[in-house]
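Welcome, and thank you for looking at this structure with an open mind. Take a moment to turn the model around on your screen, and then let us walk through it together.

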Amino acid sequence: MNEGRLAVPGDAAQLPVLAHFLQQFWSTAGLPAAALNSFELALEEIFINVVMHAAHAAHAAHSVHATHAVHGGSVPRVEVALALTADGVTMALEDDGPAFDPLSLPAPDVAASLDERPVGGLGVFLVRQLMDSVSYTRVGARNRLSLTKRIGTRAAGE
Amino acid sequence: MKLNIETHGGTTLAIAEGRLDFGAANGFQKQLEQELAGAGSSAGGARAPVAALILDCGGVDYVSSAGLRVFLVVARAAKRDGVAFSICALQPAVREVFDLSGFSRIITVHADRASALAQAGHSSA
């Protein structure tokens, strides 16, 4: 299996389903276990970002509690596509939620002290650090985030 | 996430096991805060006041930013309560995100449980 695709509702409760899908793809493709963590983390961070952003947008639009608004038909559909490349793996997340480029978020100050450190903002930063390339495009009414990372497999020469 | 608690003199050793992802983070934070609350108040219980809280992550194979957030919140609460907080036995993949986030500079990390306990001033005997 060189490609895999799964679509789920943009609900945080779907996270284990996505993680399982990624793990299955990984073992079927015979990829090294040590390289899985970066993709698990990227998948979680980007997916949760989509979920939270959609909830906030719904909250702003309906001015009711976000948790209620999100059940009012504004849950985006999120599709994850995985593919083997010549020397690694590409993962793409597409959703039909409100336009949102997570790469536009400011980087956290990772040198800040314990007391000064803000509690959020690390997710996208970590994804950028762990992946070789991350890009965002708005395709029609969909957000598309594409991530790639080279993986040293026994087949790949380098 | 599973959390087993051991007491070594004035040190509480919290042994965590599982996947610290978005779904597990809130519950895990509450568990740790409970330990910290027990640590902070010596109010009349049989339990001695706790001077240190060690979080053993040897059984934690995954931590996302939601999990890192818990470490940060607990480290801050511990500092406020005057409890020495440290983490030990990070698996390589977890250590990587810990280092990338700059957490190694703001939270004490020990290679293994023995050195964490030794640092806290107690033997595990």
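**A walk through two chains**

With a relative accessibility of 48%, D115(A) counts as partly exposed. Please keep in mind as we go that this is a predicted model.

Let us step back and look at where the chains meet. The size of an interface is often given as the accessible area lost when the parts come together. Here, chain A and chain B bury about 2,100 Å² between them, and carbon and sulfur atoms account for 60% of that area. Chain A brings 27 residues to the contact, and chain B brings 25 residues. Between chain A and chain B, eleven residue pairs are in polar contact, counting pairs with both residues at pLDDT 80 or more. On the side of chain A that touches chain B, the elements giving two or more residues are helix 1 (15-29), helix 2 (36-62) and helix 4 (122-130) of chain A. Which of them gives the most to that side? It is helix 2 of chain A, with seven residues.

Among the buried residues are L122(A), F125(A) and L130(A).

Now return to helix 2 of chain A, where you will find E40(A). Is E40(A) buried or exposed? Its relative accessible area is 9%, so E40(A) counts as buried. Leaving aside residues up to four places away in sequence, E40(A) touches L22(A) and Q23(A) in chain A, and R19(B) and Y62(B) in chain B. With R19(B), the side chain of E40(A) meets in a salt bridge of 2.7 Å, N to O. Two salt bridges are found across the interface of chain A and chain B.

The story of R19(B) goes on inside chain B. R19(B) forms a salt bridge with D21(B) too, and there the closest N and O atoms are 4.0 Å apart. E40(A), R19(B) and D21(B) are therefore linked in a network of salt bridges. R19(B) is partly exposed at a relative accessible area of 26%, whereas D21(B) is buried at 11%.

Side chains of opposite charge can pair when their charged atoms come close. Over all chains, a search of the whole structure finds ten salt bridges. One of these joins the side chains of R5(A) and E79(A), at 2.7 Å from N to O. R5(A) lies in strand 1 (residues 3-9) of chain A and E79(A) in strand 2 (residues 77-84) of chain A, so this pair ties together parts that are 74 residues apart in sequence. R5(A) is exposed, with 56% relative accessibility, while E79(A) is partly exposed, with a relative accessible area of 24%.

R150(A) is in strand 5 (residues 142-150) of chain A, and at 46% relative accessibility it counts as partly exposed. The side chain of R150(A) makes a polar contact of 3.4 Å with the side chain of D87(A).

Next, look at chain B as a whole. Chain B has four helices and five strands, and along the sequence they follow the pattern β-β-α-β-α-β-α-β-α. Of its 125 residues, 48% count as buried. Take the contacts in chain B between residues at least 6 apart in sequence: 68% of them join residues at least 24 apart. Chain B exposes about 5,500 Å², and carbon and sulfur atoms supply 49% of that area.

Our last stop is a pair of cysteines. How many disulfides does the structure hold over all chains? There are zero.

Definitions and conventions: Residues are numbered from 1 along each chain as its sequence is written. Chains are lettered from A and ligands numbered from 1 in the order in which they are written. This is a predicted model: local features need pLDDT of at least 70, side-chain atom pairs count only at pLDDT 80 or more; totals for chains, interfaces and linings use all residues. Side-chain values use heavy atoms; hydrogens and water are left out. Buried means under 20% relative accessible area, exposed over 50%, partly exposed in between (1.4 Å probe, protein chains only). Contact means heavy atoms within 4.5 Å. Accessible areas come from the Shrake-Rupley method with a 1.4 Å probe; for residues, only the protein chains shown count as cover. A polar contact is a pair of N or O atoms within 3.5 Å; within protein, one must be able to donate a hydrogen and the other to accept it, and residues adjacent in sequence count only if both atoms are side-chain atoms. A disulfide is a pair of cysteine sulfur atoms within 2.5 Å. Buried area is the accessible area (1.4 Å probe) that two parts lose on being put together, summed over both.
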